[in-house]
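Good morning. Please have the sequence and the model open, and I will go through how the chains meet.

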There are 2 protein chains.
Amino acid sequence: MSQSISKTTIEDIARALNITAATVSRALHNHPAIKEATKKIVRETAEKLNYRPNRIASSLRLGRSYIIGVIIPSAEISFFGSVIHGIEKVANINGYNVLIYQSNELYESEKKGVQTFLQSQVDGVLASISKETINLDHYSELKRRGIPLVLFDRASDSLGVSSVVVNDYRGAFDATRHLIEQGCRRIAHIGGQQHVNIFNQRLKGYIDALNVHNIALDDDLIVYGKVSIESGRECMNRLLAGTNVPDGVFAVEDFTALGAMQAIKSAGKKMPEEIALIGFANEAFGEYLTPSLSTVNQQTVVMGEEAAKLFFDIQRKGHSPNGQPQKLVLEPALICRQSSKRFGP
Amino acid sequence: MSQSISKTTIEDIARALNITAATVSRALHNHPAIKEATKKIVRETAEKLNYRPNRIASSLRLGRSYIIGVIIPSAEISFFGSVIHGIEKVANINGYNVLIYQSNELYESEKKGVQTFLQSQVDGVLASISKETINLDHYSELKRRGIPLVLFDRASDSLGVSSVVVNDYRGAFDATRHLIEQGCRRIAHIGGQQHVNIFNQRLKGYIDALNVHNIALDDDLIVYGKVSIESGRECMNRLLAGTNVPDGVFAVEDFTALGAMQAIKSAGKKMPEEIALIGFANEAFGEYLTPSLSTVNQQTVVMGEEAAKLFFDIQRKGHSPNGQPQKLVLEPALICRQSSKRFGP
DNA sequence: CTGAAAGCGCTAACAG
DNA sequence: CTGTTAGCGCTTTCAG
């Protein structure tokens, strides 16, 4: 009991077999220049002595940690939970572990996360930029040090790094068109902070869909919020109090849509008959609301998988796939539920 | 650009100042025996040379990694997302990082997680046991190696380690009593796998609440499912098809409750008038259902924080707080929403 | 096919 | 107050 705390090292195995640590190391890594018989006996005694390789020592020697650092705004958003799921899958297949850092949507915290990862010698960083972040210098430091960085979802082109994003423009376009097809003509948009790329793209998709279908843009039907349930409710109330009350609403994401739904219900309006509603992100709760929430699905797990794969690509081919940063765009899919479906099966 | 990739070490700083690495190390750690002037110049050149301490080297030397390993069934369940949030908070304050491993509710995967953590030389492991896991030997190995283990939520007393759990018995008791107070007399329970401690405790709380209030137990009103939306729906349908149709249902957790709610609605029963319903866990979606779901709140973030604190306690006091494993029981709180509220404000 | 030896970057006696 | 030295556990030339 008491002596078993002491960890066995390759030295211990070597001593037990009257060979050297170098040979043990080679045997355990299945080096071709080692005799089968030796490999066998080494593996057996390793097992018997309950040997566990010390990754830290190995990392120091090799200069790689076999750890990927992941920076997310919050683990409490199910979207990011799914992405992590995808990242983990691919990481584990490649013998990598995943270190998580939550920025809580704060710039300072995000910066600290990068510093921590730098000290932890992670081999790469996958990150989704916080809503508050505008200055991106902390990410450049990774680049300077040759540590691959891959952004997902909340990406930025200005860094010149690879990224995996959803085609937010397309998703927004499709969502808006869907409302038009359902007969809506006064379609409002509740937007997010416009310095966040994805929110800006969604606004553009909304505008273009209206244009393509010859529906005049009404500035009063576009309101900007802070992307939360509260904010969604408040923005919707503003729209309801306006002169041009909408008959359809495209919300920038599902939490905002939820707030809007609550406001619409409180106002005694029928959904989807009087006001149709659609969100974005396919958060878990949307399916179970009454009416169930139409939304745009983003392939979250795939996003995580692809982000991790991009990292491994960069790592293998030595700091860039073909030379330029890759930008992988996942196509979103409309999920049409009760909150917007006026006709059809 | 090209030379900046090479990492600067304390040796580099030492060379630049014509002192030795040991002094640099001491200066950076604010060692009392180092002259202020030296500390100042060291810190400055460290800054100038863009020095980042190499944690891996430090870890190898010190024998501690400053990493906590966390094993959770799935990051896609918001409950665990919140717990991680709590863990991270406390970990960061103490200068620790968090490595995440998802078991996906699989025994083999959980086992692999422990092995990985062992190799990564984590200083401690916080874990929530997967539903599939029965054999706990992989956790004993941590104990043997003197690595503190703290269980949360899905705990087990048989391991003799500290844990943070919710008072599931109490939560279930209160939930059931609440249904009784609302006038229900034929109260059903949709349970989970009984080898999982928390599910078993919830069954007991249900039974005792009925006993205390002199309501006869009807075995036909207890059904066991697999803890999912599907399963909840199916179990509820079985209850609805029975001879003794319940007027109140306590579901083992919220996803099960959600399935039950769908089944009740499909059957055209009024909720809460004909059948009242309450779940457990306070998952994010419950608040937004129609009717909104009554449930039992578990203080998830606090759970994570306390689990992490327990680890640091054990670590500081050298492998046990007072000698015995601590068992921290968080008191749950009833959240009474529309799905069960027949009277009152 | 295996051994000897050096070193990854950092820290902690011990010495002065 | 600072330098010298050794070593954490592992991998990898270079020899043999």
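I will take the interface, then the pairs across it, then the symmetry.

This is a predicted model, where local features need pLDDT of at least 70, side-chain atom pairs count only at pLDDT 80 or more, and totals for chains, interfaces and linings use all residues. Residues are numbered from 1 along each chain as its sequence is written, chains are lettered from A and ligands numbered from 1 in the order in which they are written, and side-chain values use heavy atoms, with hydrogens and water left out.

Let me start with the extent of the interface. On chain B, 49 residues are in contact with 49 residues of chain A, contact meaning heavy atoms within 4.5 Å. The two chains bury about 4,900 Å² between them, and 53% of that is on carbon and sulfur atoms. Buried area here is the accessible area, taken with a 1.4 Å probe, that two parts lose on being put together, summed over both. Ile56(B), Arg145(B) and Tyr288(B) supply 14% of the area that chain B buries against chain A, more than any other three residues.

Next, the pairs. How many salt bridges does the rule find across the interface of chain B and chain A? It finds 2, a salt bridge being a side-chain nitrogen of Lys or Arg within 4 Å of a carboxyl oxygen of Asp or Glu. Glu141(B) forms a salt bridge with Arg52(A), with the closest N and O atoms 2.9 Å apart. Glu141(A) forms a salt bridge with Arg52(B), and there the closest N and O atoms are 2.9 Å apart. Glu141(A) lies in helix H7 (residues 137-144) of chain A and Arg52(B) in the loop between helix H3 (36-48) and H4 of chain B, so this pair joins two chains. Helices (H or I, at least four residues) and strands (E, at least two) are DSSP runs, numbered from the N terminus.

There is also strand pairing. Strand S2 (residues 97-102) of chain A is joined to S2(B) by 3 bridges, and the two run antiparallel; strands pair if DSSP finds at least two bridges between them. Leu99(A) has Leu99(B) as its bridge partner in S2(B).

Last, the symmetry. Chain B superposes on chain A by a rotation of 180 degrees with 0.1 Å of shift along its axis, at an RMSD of 0.1 Å. That is the relation of a two-fold axis. The same surface serves both copies, as 100% of the contact residues of chain B recur in chain A. Superposition is by least squares on the C-alpha atoms of residues with pLDDT of at least 70 in both copies.
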